[in-house]
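User: I would like to learn how to read the main features of a model such as this one, step by step. Could you take me through them?

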Amino acid sequence: MSIHDFKGAVFTRDLSRSFKGREVLGGVTLDIPRGQFVALLGESGSGKTTLLRALAGLDDDADHGGTYSVPQSVSVLFQDSRLLPWLSVIDNLTLGLRHDRAVPEAQAMLEAVGIGDKARVWPGTLSGGQKQRAALARSLLRSPDLLLADEPFGALDALTRLKMHALLFRLVERRRPTVILVTHDVDEALLLADRILVLRDGAIAEDHAVPLSHPRRTSHPEFEHLRLRLLASLGVETNLI
Ligand SMILES: Nc1ncnc2c1ncn2[C@@H]1O[C@H](COP(=O)(O)OP(=O)(O)OP(=O)(O)O)[C@@H](O)[C@H]1O
C-alpha cells in the first residue's frame, strides 16, 4: 500500500532515526487506524521517545530515513506539563487560539479535568497531578486527530495516576482521537489501549491486540495472561511476582 492509499491515522514505512551515526530507530513500519488507542512499551533506551518525537516532527537533531504520515492536527503531552509559569492556567490553555469560543471552551475543559476553580491561578501553585490535568486539558482543547503522549503520568503517585487513567479514558471516549501513549507501566497499557506495541532495539518486536471490553479489571484472566506475557517480553522475571 502506498502512502496515498492509506486512510488511517498514522503510517510509517522503514522509519529510521540516527544520532551521530548511531541508529536508534531501525526501520519501523506501522499502520494505525483512526481512533485506535495504542500503547508503546519497551525497555529503557529502546527508542520509544525517539519514535514519538519523529511522529511529532520534533527531531531536527536526528538523521532521518524512511517515510511517515500523521494527521494535520497533532497534540503532544509530555511527562512534565510544560505550562508557561508567567501565564495563568487558562491563558496557558488558550495560548495561540484566536476564536471567540476559546475562553469558555478552555474553562469547560478545565471543569472536565476537575480543576475548573484553578483557571486564574499561576501554574506554580498547582500540584503535580493538577499540572498534568491542565496539560491534558490544553492538548485536548485543540481537538487533535492524534494525541502523542510520552509517559504523561510517569511522575505522578499511584493513586493520582489511576485517577488520570480514568480521566484520559473518559475524554478520549468523547472525542476519539488516535492516541499513542508511551509508558513503562504494563497495567496502564492494558487498562487503556486497544493495541500494545513492544519496541526492542528500535524496531517493533511485538504487536498485541487487547481483546478486553471496558471497564477493564486487572483481575480478569485475559488481563493477567497478557500482563505476564508483556512483563516477560520486557525482561521481568515473572515467576518472582
Ligand atoms: N537527541 C539525541 N542525541 C543523541 N542520542 C539520543 C538522542 N535522543 C535519544 N538518543 C538515544 O537514543 C536511544 C533511545 O532513546 P529514547 O529516549 O528514544 O528511548 P526510550 O525507549 O524512550 O527510553 P526511556 O524509556 O528510558 O525513556 C538512547 O540510547 C538515547 O541515548
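User: In what order do the three strands of the open sheet stand, and is the pairing parallel or antiparallel?

Analyst: Strands of a sheet pair through backbone hydrogen bonds, in either a parallel or an antiparallel manner. In this predicted model, the open sheet has three strands in the order S2-S1-S4, with antiparallel pairing. Strand S2 (22-32) and strand S4 (63-69) are at the edges with a single partner strand each, so one side of each has no neighbour in the sheet. From one strand to the next the twist averages 10°.

User: Over how many bridges do S1 and S2 pair, and which residue in S2 stands opposite Ser18?

Analyst: Strand S1, residues 10-19, pairs with S2 in the antiparallel sense over eight bridges, and Ser18 has Glu23 in S2 opposite. Helix H1 (residues 48-56) packs on this sheet, where H1 touches S1, S2 and S4, and the direction of H1 makes about 65° with that of S2.

User: How should I read the packing of helix H4 and helix H5, and at what angle do they pack?

Analyst: Two packed helices are described by the angle between their axes together with the distance between those axes. Here helix H4 (residues 128-141) and helix H5 (residues 158-175) pack at an angle of about 10°, their axes being 11 Å apart; since angles under 35 degrees count as roughly parallel, H4 and H5 are therefore described as roughly parallel to each other. On the H4 side the contact involves Gly129, Gln132, Leu136 and Leu140, which meet Thr160, Met164, Leu168, Leu171 and Arg175 in H5. By class, the residues of this contact of H4 with H5 are five nonpolar, three polar and one charged.

User: Which residues surround the ligand, and which element gives the most to the shell?

Analyst: The ligand is surrounded by Phe19, Val24, Gly42, Ser44, Gly45, Ser46, Gly47, Lys48, Thr49, Thr50 and Asp61. H1 gives the most to this shell, with three residues, and the classes in the shell are two nonpolar, seven polar and two charged residues.

User: Into which domains is the protein divided, and how many residues does each give to the contact?

Analyst: The division is into domain 1 (34-63 + 144-241) and domain 2 (83-142), whose centres, taken over C-alpha atoms, are separated by 25 Å. The contact takes 12 residues from domain 1 and nine residues from domain 2. On the side of domain 1 that touches domain 2, H5 provides the largest share, six residues, and the residues of that side divide into 10 nonpolar, one polar and one charged.

Notes. Residues numbered from 1 in each chain as written. Predicted model: local features only at pLDDT ≥ 70, side-chain atom pairs only at ≥ 80, totals over all residues. Pairing = 2+ DSSP bridges. Helix = DSSP H or I, 4+ residues; strand = E, 2+ residues; numbered from the N terminus. Axes fitted to C-alpha atoms, helices over the stretch in contact; angles between N-to-C directions. Contact = placed C-beta atoms within 7 Å. Parallel < 35°, antiparallel > 145°, perpendicular 65-115°, else oblique. Nonpolar A, V, L, I, M, F, W, Y, C, P; charged D, E, K, R; others polar. Near = placed C-beta within 6 Å. Domains from an automatic or database assignment.
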